[in-house]
Amino acid sequence: MNSSTQLRKARPAKLNSSKKKSRRDLAGSPLARDAKKLLEGLANLPDGDCGLAWLRSNVPYFLDEIAPVVRKETLASTAGEETFPYFAVAKTDEDKYKYWVLRLCATLREIWRAPDRRTKEWGMFRISQDFYGQGVPELVNHPYSNEADFLLLGLKPPSRGERLLLEFMRWAELTRYCGNPDCPAHYFIATRRSQKYCSDACSKPAQREFKRRWWATTGRRRRSAKKKR
Ligand SMILES: [Zn+2]
């Protein structure tokens, strides 16, 4: 049995048999299921044509979304001694697979096996930066190679500052800019998702305005309705 058959056979059984849902597995949500399928698929991607075929039939959106990859080539001069770097654009699925997907898979596997949570999180930042850099393709430094993968063997512990900065990931959905134009410190971390103001003091002007409008419209209507009765 080759690795691609294994991959196809193992996957559905594994997914269906996960009756015991761990708390961390946001199990059941379509996002979590899709993420799991993609992540496990990429990490376990078989080599060569089988890998490309797996992507095409299981996660076709993934290939489509890859921006044309700028890859660095070297051209030997006619004299045969000097080489000149030049940039070529990979647009076909085959080229994207060769110059982008395979490098992504290699990095993802290193991250998967990294010794601790810190290294894994750091590795995922690298994926954002190196594989999903945005802007003018010719100027964005796409991953020409996986030279930084050795760092995934383990990083030094973060400094206190870096550790605290990384907490941003935990609060990412709750980082807000206070809606009060006169707020003395606009950037805050909310305690609930619907929160728009950093403090009671900052929400007061908006509350007053809301009450004023309410009395001017709904309140007035109700008062006049009461009088009529
Ligand atoms: Zn405020």
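Q: Which residues make up the largest nonpolar core?

A: A nonpolar core is a set of buried Ala, Val, Leu, Ile, Met, Phe, Trp, Tyr and Cys residues joined through C-beta atoms within 7 Å. A residue is buried if 20 or more other C-beta atoms lie within 10 Å of its own, exposed if 12 or fewer, and partly exposed in between, with C-beta atoms placed from the backbone. Here the largest core has seven residues: Leu52, Leu55, Tyr97, Tyr99, Trp100, Val101 and Leu104. This is a predicted model, in which local features need pLDDT of at least 70, side-chain atom pairs count only at pLDDT 80 or more, and totals for chains, interfaces and linings use all residues. Residues are numbered from 1 along each chain as its sequence is written.

Q: Why does the end-to-end distance of helix 5 agree with its length?

A: The expected span is 1.5 Å times one less than the number of residues. The 21 residues of helix 5 (residues 93-113) should therefore span 30 Å, and its end C-alpha atoms are 28 Å apart, which agrees.

Q: Where does helix 5 bend?

A: A bend is the angle between axes fitted to the seven residues ending at a residue and the seven starting there. Helix 5 bends by about 35° at Val101, one of its buried residues.

Technical notes:
Helices (H or I, at least four residues) and strands (E, at least two) are DSSP runs, numbered from the N terminus.
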